[in-house]
Amino acid sequence: MTISQVQYTSRKLAEQLRGSPYMAVISITDPTTPEAKLDPLFRHVLRLAFFDAVPADEYMPTIPGLFDRDMAMQISAFIGELHAAPFEITLMVHCEYGVSRSAAVALFAEALTGAPLDAREFTYEANQWVIDQLQQRHPGLDVDVPSPLVSHERRRAARA
């Protein structure tokens, strides 16, 4: 299941997708909402619940509901397992609105695997706390968060 492409979207759109055994999902919800209702044909799903928040200081990560090192480890292991397997798969990441948390994880997956991120719209709003925690698992990994002026294009390449 070598990851061949990375995508990110909102919960609403993810719940509308028809499942596929050739697409893995990282499903991110708020701790106060129920799990996303994903099609059961998605065979590889990692479910996490954390708020779209950035701690005020280094001591805040122990507060329940924030993204933490354990979640970073789960994401890193899930992506590593998918990328090491023998056939191609697409990785889709979703969060409630498909902007901050999902963009952060998608940018990390792109940097870690080299698989292209299909859409880059709103990636400048990626949750920096999530990226920082994921990068701590992989020292030296460069996750490129574009500036708002660079990431206005929906797709990486122009349409023909």
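**Entry 1: the end of α3**

I began just after α3, where Gly-114 takes a positive phi of about 80°. I note here that the model I am reading is a predicted one.

**Entry 2: the helix α3**

I then turned to α3 itself, which runs over residues 101-113. I checked its length against expectation: at 1.5 Å a residue, its 13 residues should span 18 Å, and the end C-alpha atoms are 18 Å apart, which agrees.

How many of the 13 residues of α3 are buried? I found eleven, so the helix is largely enclosed by the rest of the structure. The buried residues include Arg-101, Ser-102, Glu-110 and Thr-113; Val-105, Leu-107 and Phe-108 are also among them. I recorded that the buried residues of α3 pack against β1, β2, α2, β4 and α4.

**Entry 3: the nonpolar cores**

I next looked up the largest nonpolar core, which has 36 residues. Within this core, Ile-26, Phe-67, Ile-75 and Leu-91 touch the most other members. Several elements each supply at least two of its residues: the strands β1 (3-10), β2, β3 (45-49) and β4, and the helices α2, α3 and α4 (128-136). Which element gives the most to this core? I noted α3, with seven residues.

I listed the contacts of Phe-67, leaving aside residues up to four places away in sequence. Phe-67 touches Phe-50, Ala-72 and Ile-75, and also Trp-129, Val-130, Gln-133 and Leu-134. I also recorded a second, separate core of seven residues, which includes Ala-14, Val-25, Ala-36 and Phe-42.

**Entry 4: the aromatic rings**

I searched the whole structure for aromatic pairs, and the search gave two. One of them is formed by Tyr-22 and Phe-87. The rings of Tyr-22 and Phe-87 lie 6.2 Å apart, centre to centre. Why does this pair count as edge-to-face? The planes are at 75°, and the edge-to-face class takes angles over 60, so the pair falls in that class.

The pair links distant parts of the chain, with its two residues 65 residues apart. I located Tyr-22 in the loop between α1 (11-16) and β2 (23-29), and Phe-87 in the loop between α2 (69-84) and β4 (89-95).

**Entry 5: a charge over a ring**

Last, I looked at Arg-101, a buried residue of α3. Arg-101 lies over the face of Phe-50, at 5.9 Å from the ring centre. Phe-50 is also one of the residues that Phe-67 touches.

How values were computed:
Residues numbered from 1 in each chain as written. Predicted model: local features only at pLDDT ≥ 70, side-chain atom pairs only at ≥ 80, totals over all residues. Heavy atoms only, no water. Phe/Tyr/Trp six-rings, centres within 6.5 Å; stacked < 30°, edge-to-face > 60°. Helix = DSSP H or I, 4+ residues; strand = E, 2+ residues; numbered from the N terminus. Lys NZ or Arg CZ within 6 Å of the ring centre and 35° of its normal. Core = buried A, V, L, I, M, F, W, Y, C linked by side-chain atoms within 4.5 Å. Buried < 20%, exposed > 50% of the residue type's maximum accessible area, 1.4 Å probe, protein only. Contact = heavy atoms within 4.5 Å. Expected span 1.5 Å × (residues − 1).
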